[in-house]
Amino acid sequence: MDLEDFNSETDSDYASYWRDWFISTRGHEYFCEIDEEYLTDRFNLTGLQAEVQYYQYALDLVTDQFDFECEDDMREQIEKSARHLYGLVHARYIITTRGLAKMLDKYKKCDFGRCPRVLCRSHPLLPLGLSDLPHQKPVKLYCAKCEDVYSPKSSRHAAIDGAYFGASFPHILFQVYPGLIPPKSNERYTPRCFGFKTHAQAALSRWQEGERDAQDARLEKAGVEFVADVQYPNCSRGLCGKPSRARFSFQ
C-alpha cells in the first residue's frame, strides 16, 4: 500500500511528506513542524526507542523513509506509533532555539487561543503539560498574565497528551524572550450588592460553614455519628453565638 493510499482517522489524505500531513491535520494546530535535521540526529532521539512501539518503522514513516509492505492493521499500529514518536520528539524540539522561534510565532498569532478570564483581556495562551511523562495528563493552556492554566475549548485539542509539550516549555520561552513577559494581573473582581461591596465576614461565614459541612461528611464516612447541636455562647474561637456540633463515635 502506498503512503498516499493510507486513510487516517480524520479521513485526510497524506500530503507529499508525513510531517506536512501531520501538522495540517485538524486538531494538531498546537504542534510546529520539526526540522528534518533534528529528526535524523540520533542524539536527539536518545531514550525514545523504549517508549515507542515499532520505533524504527515509526521513525522511517516520520522521516518519509518508510517502504515496508504490511497489512492494514500493522500499518495502523505503525501510524499510531509515528504520531506518538513525533509528539515525544516535539517536546524536546520546542525548547531548542529553532523550536522556540517557531512556537513564538504561533504564540504571537494566538494559535493556542486566548485566556478565558475576563480580566486578562484576551491575553494569548501557551500549551503546557502538567507532566513530562506520557499518558498521564492531557495538554493544558497557560496564561502568563494571571499565571493560571485552562483546558482547551476543542475536544480534539483536549485529547492531546501534555507530554508532547512538557511542563517547562512556557517558562523556558519567557526566559529566552523576557520582553514578552506581561505585567501580572492584580485586578480582581469585587462582589457587590446594589453597588456596595459585600462584607468580608459574609464570605468568611460561608467558608466556615462549607468547612463544617465537609468535616461532617468525612466524619460520617468514618463512622462518627452526631448527637446534637450545642450552643457555646462564650466561644473563644471566632464562632460565638453559632451552634457547635457535639459528636461521639462507636468503636
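Which residues are buried in H8? In this predicted model, the buried positions of H8 are Gln208, Arg212 and Asp216; the legends below place them in context.

**View 1. The buried face of helix H8.** Gln208, Arg212 and Asp216 are buried in H8. An α-helix has 3.6 residues a turn, so residues three or four places apart point the same way.

**View 2. The exposed face and the end of helix H8.** On the face of H8 turned away from its buried side lie the exposed residues Ala200, Arg206, Trp207, Arg218 and Lys221. Gly223 follows H8 and has a positive phi, near 90°.

**View 3. The span of helix H8.** H8 comprises the 22 residues 200–221.

**View 4. The open three-stranded sheet.** The three strands are arranged in the order S1-S2-S3, with antiparallel pairing. Strand S1 (126–128) and strand S3 (148–150) are the edge strands, each pairing on one side only. On average, neighbouring strands of the sheet are turned by 45° against each other, direction ignored.

**View 5. The pairing of S2 with S3.** Strand S2 (residues 140–143) runs antiparallel to S3 and is joined to it by three bridges. Cys143 has Asp148 in S3 as its bridge partner.

**View 6. Helix H7 against the sheet.** Helix H7 (residues 169–176) packs on the sheet and touches S1 and S2. The direction of H7 makes about 135° with that of S1.

Technical notes:
Residues are numbered from 1 along each chain as its sequence is written. This is a predicted model: local features need pLDDT of at least 70, side-chain atom pairs count only at pLDDT 80 or more; totals for chains, interfaces and linings use all residues. Side-chain values use heavy atoms; hydrogens and water are left out. Two strands pair if DSSP finds at least two bridges between them. Helices (H or I, at least four residues) and strands (E, at least two) are DSSP runs, numbered from the N terminus. Axes are lines fitted to C-alpha atoms, for helices over the stretch in contact, and angles run from 0 to 180 degrees between N-to-C directions. Contact means heavy atoms within 4.5 Å. The expected span of a helix is 1.5 Å times one less than its number of residues. Buried means under 20% relative accessible area, exposed over 50%, partly exposed in between (1.4 Å probe, protein chains only).
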